[in-house]
Amino acid sequence: MNKTRLTAASVLAAVTATLAVGVTAPADAATKFANCTAMHKVYKHGVAKSSTAAAKQVRQGYGRPAVKPKVYWANVKSDRDKDGTACEA
Ligand SMILES: [Ca+2]
């Protein structure tokens, strides 16, 4: 009985640890860039808040921005024309 309970607790702890790692993983980090020059070193065509916003940039002749909502919202000040993509290029 005790062993079963211990195992369940271990599984729960493992799942919790995995979730915590997922939240803080670099790929998910909402990096705040000083300006578009800095952002373009990582995201050549800027960062879009959604795939719809990214597609809009492509239709307008820009490169396809990375779809990274968290990064977009951390750098929303760089979306001067408020079209859903920061630093489109
Ligand atoms: Ca924009």
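# Chatting through a predicted model

A: C87 sits in the segment after β3. Keep in mind that this is a predicted model.

Q: OK, C87. Is it buried or exposed?

A: C87 is buried, because 23 other C-beta atoms lie within 10 Å and the cut-off for buried is 20 or more.

Q: Which other residue has a positive phi without being glycine?

A: K82 is one, with phi near 55°. K82 lies in the loop between α4 and β3.

Q: Let's zoom out. How many helices and strands are there in the chain?

A: There are 4 helices and 3 strands. Along the sequence they follow α-α-β-α-β-α-β.

Q: In what order do the strands sit in the sheet?

A: The order is β2-β1-β3, in an open sheet with mixed pairing. β2 (66–67) and β3 (85–86) are at the edges, each with a single partner strand, so one side of each has no neighbour in the sheet.

Q: How do β1 and β3 run, parallel or antiparallel?

A: They run antiparallel, and 2 bridges join them. Strand β1 covers residues 47–48.

Q: Which residue in β3 does A48 stand opposite?

A: That's T85. A48 itself is in strand β1.

Q: Why does A48 count as buried?

A: Because 29 other C-beta atoms lie within 10 Å of A48, and 20 or more is enough.

Q: New topic. Which residues make up the largest nonpolar core?

A: It has 10 residues: M39, Y43, V47, A48, A53, A54, V71, Y72, A86 and C87. β1, α3 (51–59) and α4 (69–74) each give two or more residues to this core.

Q: Why would nonpolar residues gather like that?

A: In soluble globular proteins, nonpolar side chains tend to be buried together.

Q: Last one. How much of the chain counts as buried?

A: Of the 89 residues, 24% count as buried.

Technical notes: Residues numbered from 1 in each chain as written. Predicted model: local features only at pLDDT ≥ 70, side-chain atom pairs only at ≥ 80, totals over all residues. Pairing = 2+ DSSP bridges. Buried ≥ 20, exposed ≤ 12 C-beta atoms within 10 Å, placed from the backbone. Core = buried A, V, L, I, M, F, W, Y, C linked by C-beta atoms within 7 Å.
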